[in-house]
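Here's a quick briefing on a ligand site, plus a few backbone details worth a look. Have the model open while you read.

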Amino acid sequence: MRIDIVSLFPEFVAQCAAFGVVGRAAERGLLSLHGWNPRDYAEGNYRRVDDRPFGGGPGMVMLVDPLRASLDAARAADPRPVCVVYLTPQGVPLTQAKVRELAARERMVLLCGRYEGVDERLLATQVDEEISIGDYVLSGGELAAAVVVDAVARLQAGVLNDADSAEQDSFEPVDPAGDPGQLLLDCPHYTRPVSHELGDVPPVLMSGNHAEIARWRRQQALGRTWQRRPDLLDEAGLSKPDRALLSSYRASLGTVGDDSDG
Ligand code: 6GU
């Protein structure tokens, strides 16, 4: 997959691809990142990329032309069709389903704004979709772009070393058919030592009973999702065995049943 990033901080792009999972994806040729700096396409001695907003108010607005020229250059650098994604708190919230959709594309352009925003005419005509990474405000789209790059890179075939680990993540559908199945938080993980002053490893994990271990992990995932992110849990959509696991999890906490009929 090829990702082009239009940003006033192209060094940031290089950093993104330098280490960890994204670095490995790049090394293996599974992902290529290319930065485009609007300042390189700006006119005049000052190479202006922004100006004051019409109507007044604080901050600066990014100019149409340097961004458009950057996008044109990025588009022309590869013949494959490309979607332009603008990172903004006004966008559609990023979910793992959206990440999967993006990861399946051959290429995309991520447009990072700075300052107070980008001239709306550029957005209205050059951008295909707008994505937000959460309900908070960042000073620019670069960190959000890094989030998208990381999330998409790790889903590229051949990037993760343990083939299973993507499927078992929090937020990956439990149904491996790829249907947007039930999204659950991850179960807890433990490693050596078995016994530690901060606590012991749950004995089931050392039982060698793989069915019991899978059951325990599933139950923990269900229970934690119920406790921490009830908004993710569609209890009506749970299988009968899952409902039984969740209800015994609740019972083990000494919880009296809630209003739902789960
Ligand atoms: Cl995508 N950009 C900015 N600047 N702030 C954000 C965001 C994006 N998502 C959440 N906050």
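The ligand sits in the second largest pocket. A pocket here is an open set of points on a 1 Å grid over the protein atoms alone, with protein on both sides within 12 Å along at least five of seven lines, and a molecule sits in one if more than half of its atoms lie within 2 Å of its grid points. This is a predicted model, where local features need pLDDT of at least 70 and side-chain atom pairs count only at pLDDT 80 or more, while totals for chains, interfaces and linings use all residues. Numbering runs from 1 along each chain as its sequence is written, and side-chain values use heavy atoms, with hydrogens and water left out.

**Around the ligand**

- The shell (residues with a heavy atom within 4 Å of the ligand) is made up of L87, T88, P89, I131, S132, I133, G134, Y136, L138, G140 and A144.
- By type, that shell splits into 7 nonpolar, 4 polar and no charged residues, with Tyr and Pro counted as nonpolar and Gly as polar.
- β5 (83-93) and β8 (129-132) are the elements that each give two or more residues to the shell, and β5 gives the most, with 3; strands are DSSP E runs of at least two residues and helices are H or I runs of at least four, numbered from the N terminus.

- Polar contacts are pairs of N or O atoms within 3.5 Å.
- On the backbone side, a polar atom of L138 is 3.1 Å from a ligand nitrogen, and an N or O atom of G140 is 3.4 Å from a ligand nitrogen.
- On its own the ligand has 290 Å² of accessible area, and the protein covers 96% of that (Shrake-Rupley, 1.4 Å probe).

**A three-stranded sheet**

- An open sheet of 3 strands runs in the order β3-β4-β7 with mixed pairing, where a pair needs at least two DSSP bridges.
- β3 (50-51) and β7 (117-118) are the edge strands with a single partner each, so one side of each has no neighbour in the sheet.
- β3 pairs with β4 (residues 61-62) in the antiparallel sense over 2 bridges, and D51 has V61 in β4 as its bridge partner.

- Most residues other than glycine have a negative phi, and most peptide bonds are trans.
- R47, in the loop between β2 (32-36) and β3, has a positive phi, near 45 degrees.
- The R192 to P193 peptide bond is cis, with omega near 5 degrees, and P193 is in the loop between α6 (142-153) and β9 (195-196).

Conventions. Polar contact = N/O pair within 3.5 Å; in protein donor to acceptor, adjacent residues only side chain to side chain. 1 Å grid on protein atoms, 1.4 Å probe; cavity = no way out; pocket = protein on both sides within 12 Å on 5 of 7 lines; lining within 4 Å.
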